[in-house]
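Hi,

Here is the model I said I'd pass along.

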Amino acid sequence: MTCKRSLVRVQCRPPHPSRPEHPTMVEQVAPPAEESDATVPDALPDVPVRGSADELMDHGAAGELGPMRHSAAHVLAEAVLDLFPGTKLGIGPVIADGFYYDFLLPRPLTPDDLPAIEARMRESIAADHPFELSEETPEAAHAALVERDQPFKVEIIDDLAASAATDGTPMPPTTFYRQGPFIDLCRGPHVASTGKIGPFKLLGTAGAYWRGDEQRPMLQRVYGTAWATQEELDAYLWRRDEAKKRDHRRLGVQLDLFSFHDVSPGSAFWHPKGQRIWRTLETAMRELQERRGYQEISTPILVSEKLWRQSGHWDQYAENMFIVESEKQLFSLKPMNCPESTYIYRSKKRSYRDLPLRLSEYGRLHRNERSGALSGLTRVRQFIQDDAHIYVRPDQLTDEIEALLDEVREAYSWVGLEPHFAFATKPDKAIGDPALWERAEGLIHDALVRSGVPFIEKPKDGTFYAPKIDIYIDDALGREWQMATIQVDLVMLPERFDLTYTDEAGESQRPIAIHRAIYGSLERFIGILVEHFAGAFPLWLAPVQAVVIPIADRHADAAQELADVLRARGLRVEVDASSNRMQYKIRAAQEQKVPYMVVLGDREIEARTASPRTRAGEQQPADPWDTFADRLAAQVSSRSID
RNA sequence: GCCCACAUAGCUCAGCUGGCAGAGCACUUCCUUGGUAAGGAAGAGGUCAUCGGUUCAAGUCCGAUUGUGGGCUCCA
């Protein structure tokens, strides 16, 4: 950790500053580079807690760095065009922490090409070419780009003209920026000259479809980062490195939580310690569900094609399903639990008095994700959700959604994550009567407004059978993850499976089905927790909550005795009876991120006390065994996060 | 699925232009009986992912397969 010093300089700002408005032509004049100094806050920024998520987040001022990074992208393009004549240019935008540029090249780039490109970029920066803005008519720009044989740029111009025509708005002026020998169609803005570009580094190459479309050519993307000072660049690279160290795939091995094997790609093998975390989360959720009126069910994993045709999955979701044949009949491993719960609903005549009927299920699901999409625990082919289907009368819906939002906040408070909410509406690919969709969307919107939680809208981001509320959190690396989901279904379960209940008047009515998962996929949830806590789980979740460390062999029996006292309180405790020295045992427990280490020698045994040391290195006062056990047990049952 | 890279001991990795498979940690045994982040010594451990090819000779070069990693619209 030699870079610790540079860490303190990392500024702490809100993670997602609002995006700058589209600059007008006047504002495109590059600001002097010195101007950015004026934005340095007078007061010392808060120093993030060691190992905290904040420490790893980029709170850098993307706003000020934007034009510089965009200029770096142009210099990258200049270098690549110079080294690989005939290169076709794609786009080169600024992204969080850096920039990229997409190219169609005579051959694919490998990581070995990057140093040469960087060297060529440095030459351009040393030459300090000014960025010169020129404006063309669309026709002249089109002709110039055809002349320069840049088909992707021509496409961009043509699209701009086309969309201007559709909107009935005038075609915006077409601008080019030139630096030295290189000229590029570009909206700007840029810094004054290439010399103003700060310390940079190319980070890697990747294939990227032109406009993200699999039907279009695969371009070569080069990613880079650039900063105002060398120190900031170093700090960024250090953060990147630290982020890798808390990657759940790495920690999963180090902490002996889970592993992956090529005999079942995309599916985790859970080791005893990982399984303990799993069971603990599951137990907590079951406790919540019992308290809030759920009833748990369990339905088959292997289900006939007939069911999936009825539900609509066979048409809408088949590419994600694993299909199995038996005796000339087709079955699928279930990708969702929902349709089967209707069989339990329909197993008897339902009265309006039975609703809400809350059926929870920890179903094992299989989804055939594309091989390239698999990634650790966060994108898997087999997973278990803390799923539930809640059947309600229309008049109960709003209250039920409010209760669910409350459940989400409760569950996320156990792990110290802040949920935020998004309202996702009808997608293009949807089943059912549009009128029902409209109604469902209205009901969700009302419930959100009534509950007073802030939310954003994600148009067309609903599932094929329901609009929904999605719950997101930001992980330690600043990535946003979709976690919980609350879906209001008037279409699939109620209509397609003809669900009814009898109302007060004896009439048959349609219930509404709410699909909801709070953790979401337990696999992904645990993966995100590993990164969020950097493996140091709060006491209630830690797979091993305390290690008892006998100083010498003669203390081993007493250590066992103390462990039994703690276990009797339901605590997960190990005794390190190895032949290693005490210091070594402490280090080993520390590396496994065990919350408490209890050293036991002559003094403690005589006094029947425990001297706990926390993984934070804090030496706590010696307490009688029972007092210590009670204290830990209380901390566990309160699910305190520290 | 597509582009690039990678795959060597349980883990982290070294092994150059082909010439007898290595280190640290972990593990086992022995010595050490200790006071809050690594005591010492010895030993055991590998079909170099799989299959095929080139070669007198392949961990190393070539091809295929499998798996893993970085990515695949923050649109000039």
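Let's start with Val94, which sits in strand E2 (residues 94-95); helices (H or I, at least four residues) and strands (E, at least two) are DSSP runs, numbered from the N terminus. Val94 is partly exposed, with 19 other C-beta atoms within 10 Å. The cut-offs there: buried is 20 or more other C-beta atoms within 10 Å of the residue's own, exposed is 12 or fewer, and partly exposed is in between, with C-beta atoms placed from the backbone. Not counting residues up to four places away in sequence, Val94 touches Gly66, Arg69, His70 and Phe99 (a contact is two C-beta atoms, placed from the backbone, within 7 Å). Phe176 is 82 residues from Val94 along the chain, and their C-alpha atoms are separated by 17 Å.

Before you go further: this is a predicted model, where local features need pLDDT of at least 70 and side-chain atom pairs count only at pLDDT 80 or more, while totals for chains, interfaces and linings use all residues. Residues are numbered from 1 along each chain as its sequence is written, and chains are lettered from A and ligands numbered from 1 in the order in which they are written.

On confidence, chain A averages a pLDDT of 86, and 89% of the residues score at least 70 (pLDDT is the predictor's confidence in each residue, from 0 to 100). Over residues 1-62 the pLDDT is below 50, and this stretch has 72 contacts in the model beyond near neighbours in sequence. Where pLDDT is low, the predicted coordinates should not be read in detail. The model's scores are ipTM 0.92 and pTM 0.87.

Chain A overall: I get 20 helices and 29 strands, and buried residues make up 35% of its 642 residues. Of the contacts in chain A with a separation of 6 or more, 72% are between residues 24 or more positions apart.

Now the RNA. There are 64 residues around RNA strand B, and Gly207, Gly212, Gly372, Ala552 and Gly601 come nearest; near means a C-beta atom, placed from the backbone, within 6 Å of the strand. That surface divides into 27 nonpolar, 21 polar and 16 charged residues. For the classes, Ala, Val, Leu, Ile, Met, Phe, Trp, Tyr, Cys and Pro count as nonpolar, Asp, Glu, Lys and Arg as charged, and the others, Gly among them, as polar.

Just after H6, Gly168 has a positive phi of about 70°.

Glu78, in helix H3 (residues 62-83), is buried, with 23 other C-beta atoms within 10 Å. Beyond its neighbours within four places in sequence, Glu78 is in contact with Ser124, Gln179 and Phe182. Glu78 and Gln179 are 101 residues apart in sequence, and 8.6 Å apart C-alpha to C-alpha.

Ser579 lies in the loop between strand E26 (573-575) and helix H18 (582-591). It counts as exposed, because it has 6 C-beta neighbours inside 10 Å.

Cheers
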